Amino acid sequence: MIISQMDNRICVKLTSQDMMELDITYEELDYSNIETRRVLWTLLDEARHKLGRNIHLTQKMIVEAVPDNDGGCTIYFTVNDEKNAKNGKKQLVKLTGTRIICSSDNIDNMGELAKVLSANGKITKSELFTDGSAYRMIIRPDISISDSIESVVCEFCDICDDSVAAGTYEHWKMLASPDAIGVLWALSD
């Protein structure tokens with residue numbers, strides 16, 4: 001599926017079948033690899049025809065790849081304007097998804113949140129921390145559901161700015177990882 005998100009950004013969603021047909025995996029995506037460049041050229045050519053736009057890999061752009069749980073991935077092509085481009089180089093950034101950081105003084109709130117999120121099944125990683133008086137959970141949902149997860153999280157906990165992540169990892173005590181949601185859900189029954 002090819003989506004034009006903005007004038008300078010195109011999103012291409014690839015299923016696992018698409019990846020097989022292109023003869024590449026997410027792990028093999030690397031801009032220094034000729035096969036990756038072949039795949040990107042192919043995708044941009046399809047996007048150009050479908051959207052009627054004239055975008056080429058010769059333009060300065062950032063290419064972001066985000067894996068999906070089903071073996072596919074989503075690739076974002078963002079064309080940089082001249083003033084923001086760096087040396088005309090292409091950048092392929094492989095992302096593992098977004099993270100949501102939530103906090104509560106009450107561990108029961110975290111348990112209730114875990115019950116709701118465990119039913120979802122699209123959380124790739126979750127970590128639980130404490131500083132002795134409060135609890136903080138770092139959740140990495142599948143990118144396709146990150147917006148809907150935030151609306152659920154705010155019903156049980158406060159959502160923190162992403163800037164607190166480094167301090168959490170450095171100064172807080174980790175209680176559970178990589179499946180804090182599963183641990184909390186099991187304890188809350």
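This is a predicted model: local features need pLDDT of at least 70, side-chain atom pairs count only at pLDDT 80 or more; totals for chains, interfaces and linings use all residues.
Local features rest on pLDDT of at least 70 and side-chain atom pairs on pLDDT 80 or more, while totals for chains, interfaces and linings use all residues. Residues are numbered from 1 along each chain as its sequence is written, and side-chain values use heavy atoms, without hydrogens or water.

The largest nonpolar core holds 21 residues. Such a core is a set of buried Ala, Val, Leu, Ile, Met, Phe, Trp, Tyr and Cys residues joined through side-chain atoms within 4.5 Å; buried means under 20% relative accessible area, exposed over 50%, with a 1.4 Å probe and protein chains only. V12, L14, L43, C73, I75 and F77 have the most contacts inside this core. At least two residues each come from β2 (9-14), α1 (16-22), α2 (34-51), β3 (61-67) and β4 (73-79). These elements are DSSP runs, numbered from the N terminus: helices are H or I of at least four residues, strands E of at least two. Helix α2 gives the most, with 5 residues. Another core, of 16 residues, lies apart; M137, I139, V153 and L184 are among them.

Helix α2 has 18 residues. From first C-alpha to last, α2 reaches 25 Å, close to the 26 Å expected at 1.5 Å a residue, taken as 1.5 Å times one less than the number of residues. T36, V39, L40, L43, L44 and A47 are buried in α2. Seen down the axis, the buried residues fall within an arc of 130°, so they line one face of the helix. That arc is drawn from the directions from the helix axis to the C-beta atoms. Exposed I34 and H49 sit on the face turned away from the buried side. After α2 comes G52, with a positive phi near 70°.
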